[in-house]
Amino acid sequence: MVGFGSIGQGTLPLLLRHIDLKPEQISIVTGDEKGRKVAAEHGVAFHDTPLTPANYRALLEPRLGRGDLLINCSTDVSSIALITLCQECGAAYIDTCIEPWAGGYTDASTTPAMRTNYALREKALALKRPGAPTAVITHGANPGMVSHLVKEALLHIARDCGRPAGAPKDRAGWARLARDLNIRTIHIAERDSQVAAPRKSPGEFVNTWSVEGFVGEGCQPAELGWGSHERHFPADGRRHKAGCKAAIYLARPGASTRVRTWTPLAGPIDGFLITHSESISLADYLSIDEEGGPVYRPTVHYAYHPSDDTVLSVHELAGRNWQMQASHRLVKDEIVSGVDELGVLLMGHEKGAFWYGSRLSIQEARRLAPHNSATSLQVTAPVVAGVIWALRHPGRGVVEPEEMDHAEIMDFIRPYLGRVVGEYSDWNPLQDRGRLFDEDLDGDDPWQFKNFRVV
């Protein structure tokens, strides 16, 4: 296991619970002392040596061989480098996002397009090799679990709209189902209401999962899968010149870009349009292309309202011109209350909007698994599900969540998600708009991105 922060620490007990492993078969390589106590509690070897481009091969090659598996829970370690190494060693691989080497998210010497998740995904997909060891990429909560939730949500909507029953058998079938249901926009809509004590102090960044991970992706350009129904291209929008071309990016950080969205508990909220790989992979997977371009593709993006202390931390970070605060705190044991409501919001179909996802409280997360919060358990359970899938399906090469059997994954993770909720709503981003100010909106089509964006 590379990296042993909140996700690694929460993953370890689930690995030992669900996979026939002895502690001596696991080795942790991480960049600091955090987590040493948790590793010792489970009798697992712990090595606190930061991985760099200069040393990662020397440190990892002796620990990797045919039949082994590398679980990448790190930040600032190149996923591309680790996948390549695993392919050479005959080892399987899984991660929760595609990471660059340290500084890659904020390297001012590169173009914004090079710092996007789109670019990172294209590099990962270029490593697809027939018969290569299975490498499951981007399989945490989001990205990861949410792609399986989208498939389940599509089946729920189809059933409730009187469509023929039965799951599609392939990518083309899922895309046709989404088109036939008129799914125009998909949000990964999340509201984290967890509260920790003590609360955030000035000059401190507080988060319920990796601080470095969130700040890194928050400083990347905002990204979204760009739907075929969109008719107002953003003034700050940029297209990619190569690759699948299913997504665009904005010439501004995701943590400074807000969008309107909805969850059942929170109701209408403003979320951050943080870049995530599922925004690209879902839009790509659900595209129907003909000569000249897509004839159908939904707009897909993350709409994230983190914990209140994290929102304050982001506002302070922006005021510092995206320079990290001197102090930062990952909260887990300090959380005293709250719920992480994480799901997918599918809009445009005949019933309006449908949110489907996990509603997990901190109390239930602690009961279900040690060393986890509500936020981390929604990640760690899919990680372990992905490990089991990789072991059952060797030789599949690089695999994205959309290419996996959603039912097999959901059967494993469902017991760890608290309440799995599906709820219809008549909400759309035009509701109660224009009451106080004259806004530039598209009143003919509520599902245009310009109506969701907060400007």
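The lining of the second largest cavity has seven nonpolar residues, one polar residue and no charged residues. This is a predicted model. The cavity has a volume of about 30 Å³. Helix α8 supplies the largest share of its lining, four residues.

**Cavities**

- A search of the whole structure finds two cavities of 30 Å³ or more.
- The second largest cavity is lined by Phe 214, Val 215, Gly 218, Cys 219, Ala 255, Val 314, Leu 317 and Trp 322.
- Two elements give two or more residues to that lining: α8 (211-219) and α10 (308-319).
- The largest cavity holds about 90 Å³ of space.
- Residues lining the largest cavity include Cys 97, Ile 98, Glu 99, Tyr 105, Asn 117 and Thr 138.
- Also in the lining of the largest cavity are Pro 143, Glu 217, Gln 220, Thr 275, His 276 and Ser 277.
- By class, the lining of the largest cavity has four nonpolar, six polar and two charged residues.

**Second largest pocket**

- About 460 Å³ of space lies in the second largest pocket.
- This pocket is lined by 19 residues, and the closest to its centre are Gln 25, Ile 26, Asp 68, Leu 69 and Leu 70.
- Strands β1 and β3 (69-72) and helix α12 (374-392) each give two or more residues to the lining of the pocket.
- Strand β3 gives the most, with three residues.
- The lining of the pocket counts 14 nonpolar, three polar and two charged residues.

- Strand β1 (residues 27-30) pairs with strand β2 (residues 45-48).
- The pairing of β1 and β2 is in the parallel sense, over four bridges.
- Thr 30 stands opposite Asp 48 in β2.

**Four-stranded sheet**

- Strands β3, β4, β5 and β21 form an open sheet in the order β3-β4-β5-β21, with parallel pairing.
- The edges are β3 and β21 (398-399), each with a single partner strand, so one side of each is left without a neighbour in the sheet.
- Strand β5 (residues 135-136) and β21 pair in the parallel sense over two bridges.
- Within that pair, Ala 135 has Val 398 of β21 as its bridge partner.
- Edge strand β3 also gives the most residues to the lining of the second largest pocket.

**Helix α6**

- Helix α6 (residues 145-160) has 16 residues.
- From first C-alpha to last, α6 reaches 23 Å, close to the 22 Å expected at 1.5 Å a residue.
- Twelve of the 16 residues of α6 are buried, so the helix is largely enclosed by the rest of the structure.
- Among the buried residues are Met 145, Val 146, Leu 149, Val 150, Ala 153, Leu 154, Ile 157 and Ala 158.
- Ser 147, His 148, Lys 151 and Glu 152 are also buried.
- Gly 162 follows α6, and its phi is positive, near 75°.

Definitions and conventions. Residues numbered from 1 in each chain as written. Predicted model: local features only at pLDDT ≥ 70, side-chain atom pairs only at ≥ 80, totals over all residues. Heavy atoms only, no water. Pairing = 2+ DSSP bridges. Expected span 1.5 Å × (residues − 1). Buried < 20%, exposed > 50% of the residue type's maximum accessible area, 1.4 Å probe, protein only. 1 Å grid on protein atoms, 1.4 Å probe; cavity = no way out; pocket = protein on both sides within 12 Å on 5 of 7 lines; lining within 4 Å. Points joined across faces, edges and corners; volume = space filled by probe spheres on them. Nonpolar A, V, L, I, M, F, W, Y, C, P; charged D, E, K, R; others polar.
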